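Hi there,

Have a look at it first, then read on.

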Amino acid sequence: MPKHTHEIRDPIHVFVRLDNPERDVLNSKPFQRLRHIHQLALAYLVYPGATHKRFEHSLGVMELASRVFDVITNPNNVSDEIRNRLEPLGKADSDALRYWRRVLRMAALCHDIGHLPFSHASEDLLPEGWDHEQVTRDIIASKEMRQIWENMTPPLRQEDIIKLAVGPKKAKDFQFSDWEAILSEIIVGDAFGVDRMDYLLRDSYHLGVAYGKFDHYRLIDTLQILPAPSPGEENQHAGEPTLGVDEGGIQSSEALIIARYFMYSQVYFHPVRRIYDIHLKDFLKDWLPGGLFPTDIGDFLLITDNEVTASLRQAAFDDGQPGHSHARRIVRREHFKRLYERNPNDVEINPEAGRAIFNALTQEFGAELFRHDRYAQKGGPPDFPVRMRDGRIVPSLAVSEVLNNVPVVSVDYVFAQREIFDQAEKWLKKNRNTIIKPQKEEDDNG
Amino acid sequence: MDRLKRAALMTRLLENLRDKRSWCGETHAQKAIFFAQDLMRVPLEFEFILYKHGPFSFDLRDELTSLRADGLIRLVPRWPYGPTIMPTELAKKLQNNYQRTLRLYEDKLAFLADKLGAKGVADLERLATALFVTVRQKVGESSEKRAAKLSEIKPHISYDQALEAIRKVDQMLDEVH
């Protein structure tokens, strides 16, 4: 008898099960390419275990997406208000619900399919107006993938998969119904997106750090679609349905947000990891024709981390190769050192202190000797609806001290070449206070 | 626009809204800043789409988070309605560095606070979506057509509510221009 379900072992979710069309996606050229895209770019140079790839993460996101879907569409978890508002929930077990479950799983599977080599590290190296989500959209709409969607019963609309895979932030040309917005929230949502859930758990596991772990079983079990409470207005629901939790899920939500905070501050924004990403980008600018990745899907799919790594190693030991000095910094571990790091005192004086210091250093010593890295956490505060035991729906930030006090992670580093480091450090110590003092607008010539 | 200059304008607008007794949660900030851009032509340069409660900007959401990281605003929770956004003393210091820009837009920010400060989320959603339909979508000049469009985009807004919102927005446009 032919098999209709296929199991894949996974260290985080034990088994990930796929049906035949999902296996077709797995076997496709774009998806197989993800076996060669590191989840965390060059983080393995700092955390040697960080060699996992986008491939297994994508499977994990699919697995979690359907777990969330099954919980939030369970008739016992859906209020009449929500059932009336979201058409596919009107009839439990309807064809519509089955259709959207399949779309959701496919979208989850494909959500990272357009990632560039070394993931986010090379994100800027696409032509103006492009990002990896745009490439994802093009791949989902490509001939090879379209055949899979069209051969399914019922066929899946590629537009539906695209919308859920990249979400409203990156699919600005599409209008999202409330239902579609909820489903895309399951994958890419700020609060309970399973993309984030999976990468926190998976990265944590591979890196050997405990920070990213949280009780995702409990959290998923308590998820519900709830009407967003209307801030400042008693007894009035503004009404837009969104993902929330019942009161019993507050602690596991807190654990998720704390896990995110620690993973960002300890892993993702680790200064050595960040400077390796910058050196990699410098190398790619020299190595790629025109300094940019191709956007033609056929050409795009030919380049993975493997091709880049091989060239990086060659270039590191041959000063005639493009990008030699940048490659050497990575391969021989001669990365720039952290000279300046954001701190609360400086931020009080000038929130863009790092930029001011970087500009002053490059003016004094030369632009090639320094790199600036500024990045702040994206997304909003962890504000989502909570259904209390007495039936009231209140914002999470009104009920959780913890959520209110989780800091926002923001980095502002200046790195210096090793040879100039001591000299630059002395100079900075002497001039720092003057450099970071903000200029009043009236003092400008403009 | 330079990030800190923009932060000075945003925090001043939030202060003005609070002075007019706005709850000043994220939705209030989103809609007020949308009005600042699309009605008052204050060049804050956020990209808005139709999403949560009408016009919504993911860039603006990210920037509000950055302002929190920089200590320029903070969220003050109030049981049981959720947080309000409060500009800090640091924001005042920052504004002090951008007096020229603030003077340039002061009247516009005050006008917006007057018009929007007392409004709740539901009102703001209707008005902001009405403005979006009016200035960004080629629906035509007829109030009825724009109201129908608004109601189509946000089915929980009735045609009558939509028409009222369109008329209020037209009135504001007249006042401004």
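The contact between the chains draws on 36 residues of chain A and 40 residues of chain B. Please keep in mind throughout that this is a predicted model. Sorted by class, the side of chain A that touches chain B holds 15 nonpolar, ten polar and eleven charged residues.

As for confidence, the model has an ipTM of 0.90 and a pTM of 0.93. Chain B has an average pLDDT of 93, and 100% of its residues score at least 70. Within chain B, helix 1 (residues 3-19) has the highest confidence, at 97, while strand 1 (residues 49-51) has the lowest, at a mean of 89.

Now to the sheet in chain A. Three strands form an open sheet in the order 5-9-6, and their pairing is antiparallel. Strand 5 (337-341) and strand 6 (370-376) of chain A are the edge strands, each pairing on one side only. On average, neighbouring strands of this sheet are turned by 25 degrees against each other, direction ignored. Strand 6 of chain A is joined to strand 9 (residues 410-416) of chain A by seven bridges, and the two run antiparallel. To pick out one residue, A:R371 has A:F415 in strand 9 of chain A as its bridge partner.

Helix 18 (residues 353-365) of chain A lies across strand 5, strand 6 and strand 9 of chain A, and runs at about 170 degrees to strand 6 of chain A. Helix 18 of chain A also packs with helix 21 (residues 418-436) of chain A, at an angle of about 125 degrees and with the axes 10 Å apart. That angle makes helix 18 of chain A oblique to helix 21 of chain A. The crossing of helix 18 of chain A past helix 21 of chain A is right-handed. From helix 18 of chain A, the contact uses A:A353, A:A356, A:I357, A:A360, A:L361, A:E364 and A:F365; from helix 21 of chain A, it uses A:I420, A:A424, A:W427, A:L428, A:N431, A:I435 and A:I436. How does the contact of helix 18 of chain A with helix 21 of chain A divide by class? There are twelve nonpolar, one polar and one charged residues in it.

Two further helix pairs in chain A may interest you. The axes of helix 3 (residues 54-72) and helix 5 (residues 95-110) of chain A come within 7 Å and cross at roughly 155 degrees, which means that helix 3 of chain A is roughly antiparallel to helix 5 of chain A. Helix 3 of chain A makes a right-handed crossing past helix 5 of chain A. Residues in this contact include A:V61, A:M62, A:A65 and A:F69 of helix 3 of chain A, and A:L104, A:A108 and A:L109 of helix 5 of chain A. By class, the contact of helix 3 of chain A with helix 5 of chain A comprises seven nonpolar, two polar and two charged residues.

For helix 6 (residues 132-140) and helix 8 (residues 158-170) of chain A, the axes come within 10 Å and cross at roughly 175 degrees, so helix 6 of chain A is roughly antiparallel to helix 8 of chain A. Helix 6 of chain A contributes A:E133, A:T136, A:R137 and A:I140, and helix 8 of chain A contributes A:Q158, A:I161, A:I162, A:A165, A:V166 and A:K170. The contact of helix 6 of chain A with helix 8 of chain A has five nonpolar, two polar and three charged residues.

Finally, two backbone details. Most residues other than glycine have a negative phi, and most peptide bonds are trans. The peptide bond from A:T153 to A:P154 is cis, with omega near -5 degrees, and A:P154 sits in the loop between helix 7 (143-151) and helix 8 of chain A. A:F118 is not a glycine, yet has a positive phi, near 60 degrees. A:F118 belongs to the loop between helix 5 and helix 6 of chain A.

Best wishes

Technical notes:
Residues numbered from 1 in each chain as written. Chains lettered and ligands numbered in written order. Predicted model: local features only at pLDDT ≥ 70, side-chain atom pairs only at ≥ 80, totals over all residues. Axes fitted to C-alpha atoms, helices over the stretch in contact; angles between N-to-C directions. Helix = DSSP H or I, 4+ residues; strand = E, 2+ residues; numbered from the N terminus. Parallel < 35°, antiparallel > 145°, perpendicular 65-115°, else oblique. Contact = placed C-beta atoms within 7 Å. Nonpolar A, V, L, I, M, F, W, Y, C, P; charged D, E, K, R; others polar. pLDDT = per-residue confidence, 0-100. Pairing = 2+ DSSP bridges. Left-handed = near helix turned anticlockwise from the far one by under 90°.
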